[in-house]
Amino acid sequence: NITAGGTGKTPVTIELLRSFQFASPGLLTRGHGRSTDDLVIASGAGEIPPIELTGDEAQLYLRSVCAPIAIFADRYTAGLELLADFPCRILFLDDGFQHLQLARDFDLVLIDALNPFGYGYLLPLGRLREPLPGLVRASAFLITHSDEVPSTRALQAILHRHNPYAPVFQAATRPGMWRDSEGHSFELTHFKDAVALAFCGLGNPESFWRSLRSIGIAPIDRQEYGDHHRYPPAEVRRLARHAIEVGADVLLTTAKDSVNLPPGFESLIAPLRLYWLEIRIEIDGHDELVRFINKNLNA
């Protein structure tokens with residue numbers, strides 16, 4: 001990202017990890033929000049380390065993709081340790097565009113079509129992490145939420161102005177299915193007529209509300225929390241009590257929020273039940289993008 005949060009980085013990374021299974025991929029991530037600074041390596045198979053050691057995004061990767069992951073602020077050291085344990089042929093950096101300490105072969109920069117340049121100001125006034133001329137380092141661009149704007153032509157023109165060589169791809173976020181803590185899955189329309197309270201802690205909460213609208217769900221109430229929000233038991237109890245007070249009979253949230261709930265949350269919200277929405281990324285020109293990345297890695 002060139003902006004802070006909300007571009008769809010995690011589902012795109014999951015999609016690319018799946019697409020590069022032929023190259024034995026591994027993932028290097030900082031592990032935002034975890035309670036330790038220690039280096040953690042997880043195999044991507046078998047038992048998943050607790051969220052306190054990994055952070056929420058790493059939990060999603062470990063639950064979605066069978067690929068080894070190294071979690072550490074120093075991605076160079078993390079990469080060496082991962083390669084010592086696993087025969088990875090390609091390493092993905094989760095959110096590494098500004099991690100200039102580590103040389104890389106390819107930079108895919110995600111741009112949110114709904115708020116591409118963070119209001120045009122650097123943090124903290126806006127959401128830009130660095131000035132736009134930094135886009136010249138990009139190998140390719142991926143415009144996310146491209147289906148939610150009338151056209152991306154003006155945005156593509158700006159990207160080409162800063163980097164005339166990097167191709168521009170587009171992607172849409174699609175609801176996938178509902179899941180629960182018992183491993184059951186449900187069709188998207190399953191809760192269409194439910195009286196639901198929906199909540200999320202995302203960098204771009206509007207993306208969840210749009211997903212709900214797209215499948216015909218209008219929650220009776222919505223609650224927003226900060227990005228990467230961890231839900232202590234007392235807060236979950238309050239949320240459930242509030243849901244019952246407003247007449248809700250079900251709680252709906254995101255996959256990212258589901259990993260931030262405390263163990264045993266089911267008893268805290270009883271008699272209510274909670275379900276989370278898994279999403280998928282549709283990349284226009286997916287195969288072309290994979291070939292382009294692979295070609296540059298082998299150049």
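The lining of the second largest pocket in this predicted model comprises 21 nonpolar, six polar and eight charged residues. In the largest pocket, by contrast, the lining divides into 13 nonpolar, 22 polar and 15 charged residues.

**Second largest pocket**

- The space in the second largest pocket amounts to about 850 Å³, and of the 35 residues that line this pocket, Leu91, Phe92, Leu93, Arg104 and Phe106 are the closest to its centre.
- At least two lining residues each come from H1, helix H4 (75–85), strand E4 (90–93), strand E5 (108–112) and helix H10 (286–297), and H4 provides the largest share of the lining, with five residues.

**Largest pocket**

- The volume of the largest pocket is about 1,300 Å³, and among the 50 residues that line this pocket, those closest to its centre are Thr10, Pro11, Glu57, Leu60 and Lys256.
- Two or more lining residues are given by each of helix H1 (9–19), helix H3 (56–64), strand E7 (168–179), helix H6 (206–214), helix H8 (255–258) and strand E12 (274–284).

**Histidine 228**

- Histidine 228 is located in the loop between E10 and H7, and this residue counts as buried because its relative accessible area is 15%, below the 20% limit used for burial.
- Leaving aside residues up to four places away in sequence, histidine 228 touches His32, Asp56, Glu57, Gly201, Lys256 and Asn260; of these, Glu57 and Lys256 are also listed with the residues closest to the centre of the largest pocket.

**Helix H7**

- Helix H7 spans residues 233–245, and its 13 residues reach 18 Å from the first C-alpha to the last, which is close to the 18 Å expected at 1.5 Å a residue.
- The buried residues of H7 are Glu235, Val236, Leu239, Ala240 and Ala243, and they lie on the same side of H7 because they cover an arc of only 140° around the axis.
- After H7 comes glycine 247, which has a positive phi, near 95°.

Definitions and conventions
Residues numbered from 1 in each chain as written. Predicted model: local features only at pLDDT ≥ 70, side-chain atom pairs only at ≥ 80, totals over all residues. Heavy atoms only, no water. Helix = DSSP H or I, 4+ residues; strand = E, 2+ residues; numbered from the N terminus. Expected span 1.5 Å × (residues − 1). Buried < 20%, exposed > 50% of the residue type's maximum accessible area, 1.4 Å probe, protein only. Arc of directions from axis to C-beta. 1 Å grid on protein atoms, 1.4 Å probe; cavity = no way out; pocket = protein on both sides within 12 Å on 5 of 7 lines; lining within 4 Å. Points joined across faces, edges and corners; volume = space filled by probe spheres on them. Nonpolar A, V, L, I, M, F, W, Y, C, P; charged D, E, K, R; others polar. Contact = heavy atoms within 4.5 Å.
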